[in-house]
Amino acid sequence: MPPGLDQLKHIVVLMMENRSFDHMLGDLAKTNPKIDGIAPALSNPDTAGNVVKAQPLAQFQGQLDPDPDHHFPGVDLQIFGGDTSPGRVANMQGFIKSYFNQQRDVKHSQKIMYYFPQEKLPVLTTLAKEFAVFNRWFASIPGPTICNRAFAHYGTSFGKVGMDLFYINEPFKSVYNRLIDANPKRTAKLYYFDVPSSTMEIVNLLQHQPELFGTYEQFLSDCKKGQLPDYSFVEPNYTDHDGDDGALIASDQHPDHHVQAGELFIATIYNAIKGNPDLWKSTALLVTYDEHGGIYDHVVPPACTPDGFVASPNDTGTGMEFKFDRLGVRVPAILISPWIPAGIVVDRVFEHASIPATATSFFIGDYEQRSPREKVADIFVERTDKPVDPGRNLLSRDVMRDDCPEFDLG
Amino acid sequence: MATIKVPKPPNSAFNKERRVSSLLRAHLEHLQRAEFRLPAELQTNIYINAIKTEGEAAEYIGQVTARLHAAHAGMGAPKAKGKKVTSMAAMAARAKTKRKSVKVKAKKKQTKAGRGRR
């Protein structure tokens, strides 16, 4: 048994908001050709007939205002370039056209092609270089936040492509319920930032208190005391608001929130785990994003196993039904552990159903009552109750690293 | 490996007067639906359509989340004597059933009215 897996006791997932892979990590391609990022030829046409290249001009705040469209019809335009014909082929050529629709400003619409030079994102790019970065982690559906986050909690969005709230009596349990209902019982917690930010996972908020919920402050305390549950899901701060000690800046990186606040938050989560040596050697941390936020990425989302639901033409808003047989746009995803060698680039396809798939298979084992999508989703931590394929195991080092990055939060 | 300094965002990044995004608007609506399942005495009576800014949204979100926590902890309004506190899940499930039966009744009423006109 590889020692990294043998010692693994905790999986932590941090899900940020609304940024694409190329926008955040695309610049890494210039220093590591294994990373499928920005290339000189990448472009989109604007509405005036210009060919606009991707450029390293992204700003932390004030640029992507209005918030780029990331709802199903808008994303459809981004992926298919406006082609609605049967048998159409995705070309990732509709991003500027989509953004133009929001303000009718040609110059402004081109900013959807901007990405961050790596030196502007020292935390995310360092983690991507030092641990395992996923070239092919996609949002689960080409649509907005709530349905994509649902895939991370339930392995499906129950046929939703929008921002609908889910009712309680759905056929598949959330990963949290599965773990606490398992025999032997496992532990799980959803840590939201604070009460004024709350959780996007409202359905569980209605049901399970306080076993399944904690705040960011409790996460920090649990890390310090070595009391993290088996599985943790961490949410950033979704709003600028006043706290007890002053102003609290939103840290989710959702436009138009300041991207550096999110960098700081990611580093804080990393430091909290790393600051406890017992926790550090027994935890795998996944940092990812719920969806691309309407921002440019060049990789065509692949087809996928349908999850048994169908969204009507009315629900999609495109005049076409959606069979959940195609993934959403690519998002940043990085797996962090001192058992992962530096510079790993993963080319297998993942999506947010991989999250409950991984936690379920690792902490419970075989589990039948879940969506067809989740059953076939790739997992990012190999289960230990079966022989481990060394070609798949990311926690592959025989000896724990002692050269992992350190972040100074000032 | 050298320690990496993480810059802090400037103070100007903070703007609780920023208008709510579509995500926050959906968040408010979801929490309102959760709020409506609370006993009346625990509801905020805040009109969410009047919420325009992130600061206002955070205020509402905080109130509802705190009340949901309190209701689960059984620390809400005093229980009526002898009355069992219903679980949140049961209330939600009942609300779904109620909506279904209201729809069925409305359909029956419609059909009856149609027959009468003929």
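This is a predicted model: local features need pLDDT of at least 70, side-chain atom pairs count only at pLDDT 80 or more; totals for chains, interfaces and linings use all residues.
## Chain A at a glance

Let's begin with the overall build. Chain A contains 15 helices and 15 strands. Its radius of gyration is 20 Å, close to the 22 Å that the globule rule gives for 410 residues, so chain A is as compact as a globular protein of that length. Along the principal axes, the C-alpha atoms of chain A fill a box of roughly 60 × 50 × 45 Å.

Of the 410 residues in chain A, 57% are buried. Contacts also reach across the sequence: among those in chain A between residues at least 6 apart, 73% join residues at least 24 apart.

## The sheet

Next, have a look at the open sheet of 8 strands in chain A. Reading across, the order is S7-S6-S8-S1-S11-S12-S4-S13, and the pairing is mixed. At the edges are strand S7 (213–215) and strand S13 (344–346) of chain A, each of which pairs on one side only. From one strand to the next, the twist averages 20 degrees.

Strand S1 (residues 10–16) of chain A runs parallel to S8(A), and 4 bridges join the two. Within this pair, Ile11(A) has Tyr231(A) as its bridge partner, while Leu14(A) stands opposite Val234(A). S8(A) is also joined by 4 bridges to strand S6 (residues 188–192) of chain A, again in parallel. Here Tyr191(A) is partnered with Val234(A).

Which way do the residues of S8(A) point? Tyr231(A) and Phe233(A) point one way, Ser232(A) and Val234(A) point the other way, and all are buried.

## The nonpolar core

The largest nonpolar core has 137 residues. Those with the most contacts inside it are Val13(A), Leu14(A), Ile266(A), Leu285(A), Ile334(A) and Leu335(A). Which helix gives the most to this core? That is helix H11 (residues 259–274) of chain A, with 9 residues.

Leaving aside residues up to four places away in sequence, Ile266(A) touches Leu14(A), Val123(A), Leu124(A) and Val287(A).

## Where the two chains meet

The contact draws 43 residues from chain A and 41 residues from chain B. On the chain A side, the elements giving two or more residues are helix H6 (122–130), helix H7 (145–154), helix H9 (202–207), strand S9 (241–243), H11 and strand S15 (406–408). H11(A) gives the most to this side, with 5 residues. By class, the side of chain A that touches chain B has 22 nonpolar, 14 polar and 7 charged residues.

Strand pairing also links the two chains. S15(A) pairs with strand S1 (residues 3–5) of chain B in the parallel sense, over 3 bridges. In this pairing, the bridge partner of Phe407(A) is Ile4(B).

Methods. Residues are numbered from 1 along each chain as its sequence is written. Chains are lettered from A and ligands numbered from 1 in the order in which they are written. A nonpolar core is a set of buried Ala, Val, Leu, Ile, Met, Phe, Trp, Tyr and Cys residues joined through C-beta atoms within 7 Å. A residue is buried if 20 or more other C-beta atoms lie within 10 Å of its own, exposed if 12 or fewer, and partly exposed in between; C-beta atoms are placed from the backbone. Two residues are in contact if their C-beta atoms, placed from the backbone, lie within 7 Å. Two strands pair if DSSP finds at least two bridges between them. Axes are lines fitted to C-alpha atoms, for helices over the stretch in contact, and angles run from 0 to 180 degrees between N-to-C directions. The radius of gyration is taken over C-alpha atoms; the globule rule is 2.2 Å times the number of residues to the power 0.38. Ala, Val, Leu, Ile, Met, Phe, Trp, Tyr, Cys and Pro count as nonpolar, Asp, Glu, Lys and Arg as charged, and the others, Gly among them, as polar.
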